[in-house]
Amino acid sequence: MPGQLGEYRTLSTLGAGANYKLKLASHTKTDYQVVIKIMKGAHSASTAAALEHPNIQKVTQKLTVGPYKKDNEEKKEEEVSYAVLELCAQGPLFGVVAETGRLDEAEARYFFKQMVNAVKHAHEQGVAHGALKAENILMGANFTVKMSDFGNGAPAGYDGYVAPE
């Protein structure tokens, strides 16, 4: 059942983690499709929003913290924050590899070069990803790699331990 988050109509759940849920949504006026990341508690999407690069998933809008009713639960509300993200319709690289079994050398080199460019740009901006894995490497249009989920990011050169939770 569709819901409403600001100017967006939620269409379906794409995935979830321990502290977040990803929703496919469309803008109510333009029908432009996006992903909305709903995170428990107050979070900042400013790390990823500051990283403008063709191989980094765009954060198009940060919505304010507010109450959100969980799916199919009329009574329970919790404080959440939202980030509107670019839709990468091809899904994670992990899924591509799982479907095909492997990448040939030319494909792997093509994707790896894009990943290196994204990581280099993040490091130049003083950000380390913190959770670089195939599930956080998305496939955009024309097989463009898009690094996602900078939520575990830390300042580049940070010597302290950053727990994945």
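Predicted model: local features only at pLDDT ≥ 70, side-chain atom pairs only at ≥ 80, totals over all residues.
Helix α3 spans residues 105-124. The helix has 20 residues and reaches 28 Å from its first C-alpha to its last. That span is close to the 28 Å expected at 1.5 Å a residue. At the start of α3, Asp104 makes a contact with the backbone. A side-chain oxygen of Asp104 reaches to within 3.1 Å of the backbone nitrogen of Ala106. Beyond the other end, α3 is followed by Gly126. The phi of Gly126 is positive, near 85 degrees.

Phe111, Gln114, Met115, Ala118, His121 and Ala122 are buried. Seen down the helix axis, the buried residues of α3 fall within an arc of 125 degrees, so they line one face of the helix. The cover over these buried residues includes α2, β7, β8 and β9. On the other side of α3, the exposed residues are Glu105, Ala106, Phe112, Lys113, Lys120 and Glu124.

The largest nonpolar core has 14 residues. Val145, Met147 and Phe150 have the most contacts inside this core. Two or more residues come from each of α3, β8 and β9. The largest share, four residues, comes from α3. Strand β9 comprises residues 145-147. Leaving aside neighbours within four places in sequence, Met147 is in contact with Met115, Ala118 and Val119, among others. Met115 and Ala118 are among the buried residues of α3. Further contacts of Met147 include Asn55, Ile56 and Gln57. Leu132, Asn136 and Ile137 are also among the contacts of Met147.

Asn136 lies in the loop between β7 (127-128) and β8 (137-139). Asn136 is buried because its relative accessible area is 6%, under the 20% cut-off. Leaving aside neighbours within four places in sequence, Asn136 is in contact with Lys146, Met147, Ser148 and Asp149, among others. His129 and Ala131 are also among the contacts of Asn136. Asn136 and Phe150 are 14 residues apart along the chain. Their C-alpha atoms are separated by 8.9 Å.

The count of salt bridges comes to five. One of them joins the side chains of Lys146 and Glu86, at 3.2 Å from N to O. Lys146 lies in strand β9 and Glu86 in the loop between β6 (77-85) and α2 (93-100), so the pair ties together parts that are 60 residues apart in sequence. Lys146 and Glu86 are both buried. Lys146 is also among the residues in contact with Asn136.

Glu105 and Arg109 meet through their side chains at 2.5 Å, N to O. These two residues are separated by about one helical turn, because they are four residues apart in α3. Glu105 counts as exposed, at 59% relative accessibility. The side chains of Glu124 and Lys120 form another salt bridge, at 3.5 Å, N to O. Glu124 and Lys120 are likewise four residues apart in α3, so about one helical turn separates them. Glu124 is exposed at 53% relative accessibility. Lys120 is exposed at 51%.

Backbone angles were also examined in the loops. Most residues other than glycine have a negative phi. Asp31 has a positive phi, near 65 degrees, and is not a glycine. Asp31 lies in the loop between β3 (20-27) and β4 (33-40). Asn142 also has a positive phi, of about 55 degrees, although Asn142 is not a glycine. Asn142 is found in the loop between β8 and β9. Asn142 is exposed because its relative accessible area is 70%, over the 50% cut-off.

Note on methods
Residues numbered from 1 in each chain as written. Heavy atoms only, no water. Buried < 20%, exposed > 50% of the residue type's maximum accessible area, 1.4 Å probe, protein only. Contact = heavy atoms within 4.5 Å. Salt bridge = Lys/Arg side-chain N within 4 Å of Asp/Glu carboxyl O. Core = buried A, V, L, I, M, F, W, Y, C linked by side-chain atoms within 4.5 Å. Expected span 1.5 Å × (residues − 1). Arc of directions from axis to C-beta. Polar contact = N/O pair within 3.5 Å; in protein donor to acceptor, adjacent residues only side chain to side chain.
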